[in-house]
Amino acid sequence: MSGDLRTVVRARFPRVARSARTWARGWNRLGEQTAFYVQALVSIREAVVKYKAETHRVVSEMSLGVGALALLGGEVVILLVLTGSAAATTGIFGYVQASSLGVGAITGFFSAYANVRLQLPLVVANGLAATIGAGATAQLGAMRISEEIDALEVIGIRSIPYLASTRVLGGVLVVPPLYCMTFIGSVLMTRSVVVLAYHQGAGGFDHWFNTFLLPRDVLVSGLQCTVQAAIVMLIHTYYGYTASGGPAGVGEAVGRAVRASIVVSITLTFVLSLVLYGKSGDFHLSG
């Protein structure tokens with residue numbers, strides 16, 4: 001009787017039935033993702049103990065790349081280019097806005113405030129999603145459709161610790177030195193734009209930068225980048241691990257993973273900024 005009732009409901013209300021099925025599939029997918037994320041995080045210890053060689057390989061591949069990728073598209077090169085572009089934009093925008101008020105020398109404030117609190121977490125997260133994350137999704141997706149993941153299970157290797165946990169751990173280990181490099185690069189790029197392009201005094205820039213730069217902000221920004229790296233790698237490994245539908249399905253999984261990780265990183269940056277700094281920005285500017 002219940003089967004007949006469902007059939008009647010589907011026939012009479014097709015849109016409601018489709019909406020209910022879509023909602024149920026989304027809810028089930030969310031549960032599967034949560035279970036995968038928990039298992040990947042719990043299995044990090046097993047990855048460190050049993051799969052040290054794979055972890056070292058993943059870290060080296062993520063940081064500098066291999067072969068020609070080290071010269072053209074390694075994560076270090078990509079993040080430096082992205083950070084340089086964003087920092088130059090910060091310098092140009094900051095000087096134009098400050099000079100419109102007659103205080104162009106205060107541009108160092110924008111570097112200490114915007115670069116550290118907003119720009120670096122977003123650039124690092126988006127750079128990881130576009131390079132390391134997308135590559136991990138493509139690799140795992142190709143292994144899934146070629147049944148290599150099933151072969152690992154057959155020979156006694158647990159696939160999630162070996163493939164997902166090692167990449168999550170690699171992303172977390174790679175971020176701190178990358179953050180230090182991008183932090184220095186962003187400051188130098190903004191300073192160069194202000195000093196060389198707009199002929200402002202280097203001493204004035206350094207004074208305002210050191211005045212408004214808080215060590216706590218640097219630490220919080222680095223921790224935020226590390227957390228975002230773990231989240232980005234979890235998202236990308238899940239979509240690659242569950243890819244289906246052949247090469248086209250792998251490409252679709254990469255697109256969905258990049259979209260999801262960028263949305264999550266932007267939302268997380270916005271929420272953490274409000275929680276950590278509040279509406280006032282946690283500074284007082286007067287004169």
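## Tour of charged pairs and one buried threonine

Select glutamate 252: with a relative accessible area of 43%, this residue is partly exposed. Partly exposed means between the two limits, buried being under 20% relative accessible area and exposed over 50% (1.4 Å probe, protein chains only). The model is predicted: local features need pLDDT of at least 70, side-chain atom pairs count only at pLDDT 80 or more, and totals for chains, interfaces and linings use all residues. Residues are numbered from 1 along each chain as its sequence is written, and side-chain values use heavy atoms, with hydrogens and water left out.

Stop 1: The term means a side-chain nitrogen of Lys or Arg within 4 Å of a carboxyl oxygen of Asp or Glu. Helices are DSSP runs (H or I, at least four residues), numbered from the N terminus. Arginine 256 is partly exposed at 39% relative accessibility.

**Stop 2: a network.** Select Glu46, Lys50 and Arg158. Salt bridges with shared partners join these three into one network. The salt-bridge count comes to eight.

**Stop 3: helix α4.** Select arginine 57 and glutamate 54. Their side chains form a salt bridge at 2.7 Å, N to O. Both lie in helix α4 (residues 52-63), three residues apart. Arginine 57 is partly exposed at 35% relative accessibility, whereas glutamate 54 is buried at 10%.

**Stop 4: a link across the chain.** Select arginine 117 and aspartate 217. A salt bridge joins their side chains (3.0 Å, N to O). The pair links distant parts of the chain, 100 residues apart: arginine 117 is in helix α7 and aspartate 217 in helix α11 (residues 215-241). Arginine 117 is buried, with a relative accessible area of 4%. Aspartate 217 is buried too, at 1% relative accessibility.

**Stop 5: threonine 137.** Stay in helix α7 (residues 107-145), where threonine 137 is found. Is threonine 137 buried or exposed? Threonine 137 counts as buried because its relative accessibility is 0%. Leaving aside neighbours within four places in sequence, threonine 137 is in contact with His236, Tyr239, Gly240, Ala253, Val254 and Ala257. Contact means heavy atoms within 4.5 Å.

**Stop 6: arginine 18.** Finish in helix α2 (residues 14-42), which holds arginine 18. Arginine 18 is partly exposed at 45% relative accessibility.

Notes: Helix = DSSP H or I, 4+ residues; strand = E, 2+ residues; numbered from the N terminus.
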